[in-house]
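Hi everyone, thanks for making time. Let me put the structure up on the screen, and then I'll walk you through it.

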Amino acid sequence: MTDTIATQAPARSVVTEIPGPKSQELLARKAEAVANAIPANLPVFIESAHGATFTDVDGNTFLDLGCGIGVTTIGHTDDAVVAAVREQVGKLTHSLVGQTPYEPYVRAAELLAELTPGDFKKKSFFVNSGAEAVENGVKVARKYTGRGGVAVLEHGYHGRTNLTAAMNFKIAPYGNGQGPLASSVFHAPNSYPFRDGLSGPDAAKRTQWYLEKHVGVEELACLVVEPIQGEGGFIVPADGYLPAMQEWCTKNGIVMIADEVQSGVCRTGTNFASEQLGWTPDIVLSAKGIAGGMPLAGVTGRAEIIDAMHSGGVGGTFGGNPVSCAAAVAVLEQVTSRDLNGKAKHIEEVITGHLRKLQESYPIIADIRGRGAMIAVELQTEAGTPVSAGPIAEAAGKLGVMVLTAGADGNILRFLPSLVITDEQLDDAFDVIGEVFREVASA
Ligand SMILES: Cc1ncc(COP(=O)(O)O)c(C=O)c1O
């Protein structure tokens, strides 16, 4: 499958050591001026990016299988997004929507109402980041239910604010040494088919039993769930898990919130991952891919839940900035015009084909999973000991392929390319990854 945007982008090419001399100079300046808490996992400075590649200050061009962790879903510097941003920035960069509204905010909300699962009346509001969307989803659910408890699942990730750090499964590095973290957050077992072997209904019974006994349903305002867990390592729950949990939430007056910050906006081959997993959430949170790289996050849900919040109870100075909203409209209008879901499904076939071939030679690839352009492998020895994915990602980076790691045990390689990546670019990337597996296996 070809895409005009991606084919205009430069090919992978490594022309210096990684990092090159200019990146090394900038890394030294960064060390002096930038907080140590901000790492550089692939230690090169990006100069420009287009489609599925980016080019660093030394002229090295990388195939991007990370997309800034799932943000540039329709490709870097997408033509329509760039045009929309240019036009909007010349007209209006800020007004504060609650003071004097503007049309792109309304249009972005209309598009989210159309594209999110469920044919009931929906409403939206916008904030600046995924974590802020999670915070606001919880606020709305608390106001609607009059309850305080927040349930989350093991292996989940929701952000780095005080509340969302308390909601994450992994404490390090997101919240350790930063407490006290928010209270009234309860972690329940998830569905992790590769590790627990449970059917969806059985895994749901286990989650429900835990929350009923440990928390009490009458305490719970919401259950916040990633339909496919991102940082956890692209864990797809067993069939029937999510619908069973939604049914239980509805029966018990609990708002069930889909954190689709990473899995949303055509990443997995449907507009939102929930719909292909048979789940119609009460609230859907979107961010990352929604605005082509501009900072924006949406909270979209059943109108009666969203409207339970009083005027002024949510929002903020920059949330739903006009330029970000214009970018979101340019992205969301392409969902159908470019068959982005078809592209994601095709990418799934190509990537899993490559991974299955690799698995024949490297049995440390213990599980291949995910949907669309959100595919991961879990690495472990035959005895079940996790094998770190870090060295593989690092070696691939040095050869011009950016890949990400994930998982509580750091043993998951995740592939999150943009939907405009071509088959040729994927073939090239997986040749490199094959080379790296060969090196690691013979080391
Ligand atoms: C599922 C999920 N929720 C929330 C967040 C937090 O988003 P942000 O980094 O924009 O605050 C992320 C970020 O990776 C995420 O993957």
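This is a predicted model: local features need pLDDT of at least 70, side-chain atom pairs count only at pLDDT 80 or more; totals for chains, interfaces and linings use all residues.

Residues are numbered from 1 along each chain as its sequence is written, and side-chain values use heavy atoms, with hydrogens and water left out.

So, which residues are around the ligand? They are S129, G130, A131, Y157, H158, G159, E226, E231, D259, V261, Q262 and K288, where being near takes a heavy atom within 4 Å. Now the polar contacts, which are pairs of N or O atoms within 3.5 Å. A polar backbone atom of A131 sits 2.8 Å from a ligand oxygen. The side chain of Q262 places an N or O atom 2.8 Å from an oxygen of the ligand, and for K288 a polar side-chain atom is 3.0 Å from a ligand oxygen.

On a 1 Å grid over the protein atoms alone, a cavity is a set of points where a 1.4 Å probe fits but cannot get out; a pocket is an open set with protein on both sides within 12 Å along at least five of seven lines, and lining residues have an atom within 4 Å of a point.

There are 4 cavities of 30 Å³ or more. The largest cavity has about 70 Å³ of space, and its lining includes Y157 and E231, two residues that are also around the ligand.

Next, the strand pair. Strands are DSSP E runs of at least two residues, and helices are H or I runs of at least four, numbered from the N terminus. Strand 5 (residues 149-153) runs parallel to strand 6 (residues 185-188), joined by 4 bridges; pairing takes at least two. A151 has F186 as its bridge partner in strand 6.

Finally, the backbone. Most peptide bonds are trans, and most residues other than glycine have a negative phi. Here, I18 to P19 is cis, with omega near 0 degrees, and G179 to P180 is cis with omega about 5 degrees. P180 lies in the loop between helix 7 and strand 6. C67, in helix 3 (residues 67-70), has a positive phi near 55 degrees.

Methods:
A polar contact is a pair of N or O atoms within 3.5 Å; within protein, one must be able to donate a hydrogen and the other to accept it, and residues adjacent in sequence count only if both atoms are side-chain atoms. Grid points are joined across faces, edges and corners, and a volume is the space filled by probe spheres set on the points.
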